[in-house]
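User: I am new to this structure and would like to learn how to read its features. Please guide me through them.

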Amino acid sequence: MIDVLIVDDSLTSREFIKHIFSTDPEVRVIGEAKDGDEALQFVSRRRPDVVVMDIQMPGMNGYETTRAIMEICPVPIVIHSTLAAPGQTDIVFQAMKAGAVAVSQKPSGPGHPDSRQMIEKLVRTVKLMSEVKVVRKFSRRQKQARPSDISTQLSQKACSGIDIIGIGASTGGPPVLQTLLSSLVPDFSTPIIIVQHITPGFLDGMLKWLSKHTEMTLVIPKTGDPISDGHVYFAPEDHHMEVTPARHFLVRPIPSENALKRPITHLFSSMAQVFGKTAAGVLLTGMGNDGAIGLKEMKQHGAVTLVQDRESAVVFGMPHEAIKLDAATYVLSPAEIASYLNLLGQRKTAAP
């Protein structure tokens with residue numbers, strides 16, 4: 001049974017959402033809160049499996065309440081709001097930055113042509129997110145980058161220069177990608193390839209959001225496109241993306257019958273084969289184990305491999321799987337990863 005807390009200042013909305021969940025035998029509403037203070041008190045006492053949270057509320061809004069819960073007593077939070085309509089990507093990624101694991105548009109009432117589809121999506125999202133094992137976010141003592149320590153670590157590893165960087169992320173990934181890209185030095189030129197598990201329809205919006213925080217060029221490549229310096233490439237939704245020895249992309253749809261879609265591992269594996277020790281791999285927050293095996297392969301081929309640490313990851317699933325496989329050269333916070341990437345970029349420039 002999945003225990004749910006509904007947080008919404010509208011009694012009508014709370015009753016409607018409660019009715020939706022009452023039709024599913026696997027979901028049970030154990031409480032309601034009309035504002036952020038009530039939500040914090042309830043979560044501290046009862047620890048629901050999932051919190052379904054509105055954005056617009058008196059006092060603390062949904063973002064502030066989400067951040068407070070994730071700092072004090074983290075549980076999976078699904079933001080549901082009329083503001084989260086298609087195209088409102090700033091709303092979606094602001095919610096994720098606050099610590100929400102998913103965002104869903106508030107279902108319309110009976111009679112609306114999309115009502116049933118929206119209701120089914122909300123229930124499906126809550127069930128899926130109940131399986132997410134979140135960890136504490138926004139620690140009061142955030143780990144800061146230690147450039148001198150990182151430089152020492154780098155000097156201890158023979159490295160002739162990094163030609164390419166691969167990054168994999170899932171749940172909680174977009175805010176970390178924002179941190180990494182915004183922290184890179186202005187003249188950072190090493191190409192970056194990213195696979196971010198994301199709901200279909202949101203990739204273009206994520207790129208527009210991230211483009212506000214970096215001077216690098218953000219691109220969704222097609223087969224045959226060359227890999228160019230100063231660019232950040234994102235795998236298309238539901239596609240495998242590989243790199244070729246000629247420094248071009250090979251992009252192919254993931255077969256629908258492929259139940260185990262692991263696009264991060266697919267990318268990392270191709271990078272290991274083509275670039276070997278001149279590549280760097282980064283695995284960030286996310287549920288599941290995508291990327292772990294691929295990162296291990298990169299490490300075996302001499303690549304530098306970085307994994308996000310437990311303290312900063314919203315979901316420690318993918319990083320934890322990589323650590324268990326001994327796939328990580330270093331386990332670092334996002335700020336430390338950014339500093340390390342800057343150092344690797346400098347080493348590339350200095351390499352003969």
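User: Which residue takes a positive phi just after helix 10?

Analyst: Helices (H or I, at least four residues) and strands (E, at least two) are DSSP runs, numbered from the N terminus. Just after helix 10, G302 has a positive phi of about 95°. This is a predicted model, in which local features need pLDDT of at least 70, side-chain atom pairs count only at pLDDT 80 or more, and totals for chains, interfaces and linings use all residues. Residues are numbered from 1 along each chain as its sequence is written, and side-chain values use heavy atoms, leaving out hydrogens and water.

User: Which residues of helix 10 are buried?

Analyst: Buried means under 20% relative accessible area, exposed over 50%, and partly exposed in between (1.4 Å probe, protein chains only). In helix 10 (residues 292-300), the buried residues are A292, G294, L295, E297 and M298. Their cover includes helix 9 (263-275), strand 12 (279-283), strand 13 (304-308) and helix 11 (317-324).

User: How many aromatic pairs does a search of the whole structure find?

Analyst: A pair of aromatic rings is described by the distance of the centres and the angle of the planes. Rings of Phe, Tyr and Trp (its six-membered ring) pair if their centres lie within 6.5 Å; planes under 30 degrees apart count as stacked, over 60 as edge-to-face and the rest as tilted. The search finds three aromatic pairs. One of them, F93 and W209, is stacked, at 4.9 Å centre to centre and 15° between the planes. F93 lies in helix 4 (residues 89-98) and W209 in helix 8 (residues 203-211), so the pair ties together parts 116 residues apart in sequence. Both F93 and W209 are buried.

How values were computed:
Contact means heavy atoms within 4.5 Å.
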